[in-house]
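Biologist: I would like to learn how to read a structure of this kind, one feature at a time. Could you show it to me and then begin with a single residue?

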Amino acid sequence: MIKYIDVKTRTRTEMIDITSQVQEIVRNSGVRSGVCHLFVLHTTAGITINEGADPAVQRDMVAFLNKLVPHDPYFTHREGNSDAHIKSSLVGTSQNILIESSKPVLGTWQAVYFCEFDGPRQRKVAVKIVADD
Ligand code: ZN
């Protein structure tokens, strides 16, 4: 069965920590050991795992992505959000996290981030948990 994490974004480009929602779905699944697949159902958003301790890391990543792929008028896509499509492909739309002792296995400083590149919008992340046996 697939579960969904609903994410409401507030600005055009931002990273939102969804680690606690992932932990809750894993805990409620009853699976002690396995894999948690996360998949973003959008073409202008992404998902990544990175430092959750210092918010400056997220700010720097967002600022760098905006500098790398500006919201430029020379793109031909009529919707005017090609920068968001490009950022989505650069960051990627899926992550896999191992599960052990009914918890996602993450490093001390790691957090799971939904990455908005064309907000504000209502977004969804699909979550599939697969048990070892
Ligand atoms: Zn578009």
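Modeller: Let us begin with Lys124, which is partly exposed, with a relative accessible area of 36%; buried means under 20% relative accessible area, exposed over 50%, and partly exposed in between, using a 1.4 Å probe and protein chains only. Please keep in mind that this is a predicted model, in which local features need pLDDT of at least 70 and side-chain atom pairs count only at pLDDT 80 or more, while totals for chains, interfaces and linings use all residues. Residues are numbered from 1 along each chain as its sequence is written, and side-chain values use heavy atoms, with hydrogens and water left out.

Biologist: Which side chain does Lys124 meet in a salt bridge?

Modeller: A salt bridge is a side-chain nitrogen of Lys or Arg within 4 Å of a carboxyl oxygen of Asp or Glu. Here the side chain of Lys124 pairs with that of Asp6, at 2.7 Å from N to O. Because Lys124 lies in strand β8 (residues 122–131) and Asp6 in strand β1 (residues 2–8), the pair ties together parts that are 118 residues apart in sequence; strands are DSSP runs of E with at least two residues, numbered from the N terminus. Asp6 is partly exposed too, at 46% relative accessibility.

Biologist: How many salt bridges does the rule give, and which residues are linked in a network?

Modeller: The count comes to six salt bridges, and the network links Arg12, Asp83, Lys87, Asp118 and Arg121. Within it, the side chains of Arg121 and Asp118 meet at 2.6 Å, N to O; Arg121 is partly exposed at 31%, whereas Asp118 is buried at 11%.

Biologist: Are Glu116 and Arg123 buried or exposed?

Modeller: Glu116 is buried, with a relative accessible area of 0%, and Arg123 is buried at 3%; their side chains meet in a salt bridge of 2.7 Å, N to O.

Biologist: Which residues are the protein donors of the zinc ion?

Modeller: Donors are N, O and S atoms within 2.8 Å of the metal (3.2 Å for Na, K and Ca), and water is not among the atoms, so sites may look incomplete. In this model the zinc ion has the donors His77 (NE2), Glu79 (OE), Asn81 (OD1) and His85 (NE2), which lie 1.9 to 2.2 Å from it. Along the chain these donors follow the spacing H-x1-E-x1-N-x3-H.

How values were computed: Helix = DSSP H or I, 4+ residues; strand = E, 2+ residues; numbered from the N terminus.
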